[in-house]
Amino acid sequence: MKPYLSVVIPVFNEGAGLKPLFARLFPALDALEKAYEVIFVDDGSSDESVALLREEVSKRPECARAVILAHNVGQHLAILAGFSRARGSVVVTLDADLQNPPEEIGALLAAMDAGADYVGTIRANRQDAWWRGAASRFINRLRERTTRIRMTDQGCMLRSYDRRIVDAINRCHEVTPFVPALAYTFARRPVEIEVRHEERAAGESKYSFLHLIRLNFDLMTGYSRLPLQIFSWSGTVIASASLLFVVYLAIRRLVVGPEAAGLFTLFGIAFFLLGCVLLGLGIIGEYVGRIFEQVRGRPRYVIAEVIGEGADGSSAASQAQVRVIS
């Protein structure tokens, strides 16, 4: 029997917060009165996370599994490792830090029942540090202007996906995916709802400001050619302006005669143009680098162990039953 709901939770060095997560997650799912499974994906943790996951799966073999990756590959590839084993008609992603309460999963399922095939979320009354909120707002605006992807709060990973969306994502082979963006491109009826946001239960965020910038640059180069187009347009404008300036200097030389007073101005213009060239080479390099990563064809992640999974990919519990609340 396949579950109605699959919950995929990436875990990276969350040992201090896993027990509070277990204590809230499973009662919240039980209250939904739907068949469910929970797939934890350990993303190369170096703390006690794997041991805690192993212990919890042994307590709940009928509804919990853990995928242990051989090394850290990042949150989104870890989610894809969970998607590849999710069997539910609806798949929900949830962070392990409890900033997005698992009790909000019911609201996502209600939106799915209302006809949505992809439900994004917006964190109400964010409990992050001020700089994280400001950085997220800036990055959201920048991404909306460079891609056609509309997400009010791209940093919130509490989201739900229809089975069709998950199957489409599983057929993609991008080495630097952004799961919500992929889902948005495949969705016919995407919606967004507000959810509660709480302080982190334990530990600290794995996303630094530089990591957020890197993530948004991946989004821009992975889902838009606008950076290349901007550079092309800028090059055309600068080349035209430079041509006019050369004509002006030639006429001035004929009228006024030779002069050296504008030498430093020419140096400044030359350095400016050199900076534009280097910026353009950097942008092109980003796209070429993505092509290089893609054509190498290396595995995006390596699974070291799957805890609680039978030979057929189902739960290892007796008769492969998922948890059903009657």
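**Loops, sheet and helices**

Student: Where does glutamate 33 sit?
Tutor: Glutamate 33 is in the loop between H1 and E2. Keep in mind that this is a predicted model.

Student: Okay. Is glutamate 33 buried or exposed?
Tutor: Glutamate 33 counts as exposed, at 57% relative accessibility.

Student: And what's phi doing at glutamate 33?
Tutor: Phi there is near 55°, a positive value in a residue other than glycine. For background, most residues other than glycine have a negative phi.

Student: Which other residue has a positive phi although it is not a glycine?
Tutor: Asparagine 13 is one, with a positive phi of about 55°. Asparagine 13 lies in the loop between E1 and H1.

Student: How accessible is asparagine 13?
Tutor: Asparagine 13 has a relative accessible area of 25%, so it's partly exposed.

Student: Let's zoom out. How many helices and strands does the protein have?
Tutor: There are 10 helices and 8 strands. Of the 326 residues in the protein, 45% are buried.

Student: What share of the contacts comes from residues 24 or more positions apart?
Tutor: Counting contacts with a separation of 6 or more, 83% are between residues 24 or more positions apart.

Student: Now the sheet. What's the strand order?
Tutor: It's an open sheet of 8 strands, ordered E7-E5-E6-E4-E1-E2-E3-E8, and the pairing is mixed.

Student: Which strands stand at the edges?
Tutor: E7 (190-196) and E8 (303-307). Each has a single partner strand, so one side of each is left without a neighbour in the sheet.

Student: And the twist, what does that average?
Tutor: From one strand to the next, the twist averages 20°.

Student: Which helices pack on the sheet? Take H2 to begin with: what does H2 touch?
Tutor: H2 (residues 49-59) touches E1 (5-11), E2 (36-42), E3 (64-69) and E8. The direction of H2 makes about 155° with that of E3.
Student: How about H3, which strands does H3 touch?
Tutor: H3 (residues 75-83) packs on the sheet too, touching E1, E2, E3, E4 (90-93) and E6. Its direction makes about 145° with that of E1.

Student: Let's go strand by strand, then. In which sense do E5 and E6 pair?
Tutor: Antiparallel, over 2 bridges, with E5 at residues 118-124 and E6 at residues 159-162. Tyrosine 118 has tyrosine 161 in E6 as its bridge partner, and valine 119 stands opposite serine 160 in E6.

Student: How do E5 and E7 pair, parallel or antiparallel?
Tutor: E5 and E7 pair in the parallel sense, over 7 bridges. Threonine 121, for instance, is bridged to isoleucine 193 in E7.

Student: How many residues of E5 are buried?
Tutor: 5 of its 7, so E5 is mostly covered.

Student: What about E4? How many bridges join E1 to E4?
Tutor: 4 bridges, and E1 and E4 run parallel. One of the residue pairs is valine 8 with threonine 93 in E4. On to E6: 4 bridges join E4 to E6, and those two run antiparallel. There, valine 90 has aspartate 162 in E6 as its bridge partner.

Student: Which faces of E4 are covered?
Tutor: Both. Val90 and Val92 are buried on one side, and Val91 and Thr93 are buried on the other.

Student: Switching to helix packing. How do the axes of H1 and H2 cross?
Tutor: The axes of H1 (residues 15-30) and H2 come within 9 Å and cross at roughly 25°. H1 and H2 are therefore roughly parallel to each other, given that angles under 35 degrees count that way. H1 passes H2 in a right-handed crossing.

Student: Which residues make the contact?
Tutor: On H1, they are Gly15, Leu18, Lys19, Phe22 and Phe26; on H2, they are Ser49, Leu52, Leu53 and Glu56. The residues of that contact divide into 5 nonpolar, 2 polar and 2 charged.

Student: Last one: where's leucine 98?
Tutor: Leucine 98 is in the loop between E4 and H4 (105-113). At 3% relative accessibility, leucine 98 counts as buried.

Student: How far is leucine 98 from glutamate 199, C-alpha to C-alpha?
Tutor: They are 7.7 Å apart in space, and 101 residues apart in sequence.

Note on methods. Residues numbered from 1 in each chain as written. Predicted model: local features only at pLDDT ≥ 70, side-chain atom pairs only at ≥ 80, totals over all residues. Heavy atoms only, no water. Pairing = 2+ DSSP bridges. Axes fitted to C-alpha atoms, helices over the stretch in contact; angles between N-to-C directions. Contact = heavy atoms within 4.5 Å. Parallel < 35°, antiparallel > 145°, perpendicular 65-115°, else oblique. Left-handed = near helix turned anticlockwise from the far one by under 90°. Nonpolar A, V, L, I, M, F, W, Y, C, P; charged D, E, K, R; others polar. Buried < 20%, exposed > 50% of the residue type's maximum accessible area, 1.4 Å probe, protein only.
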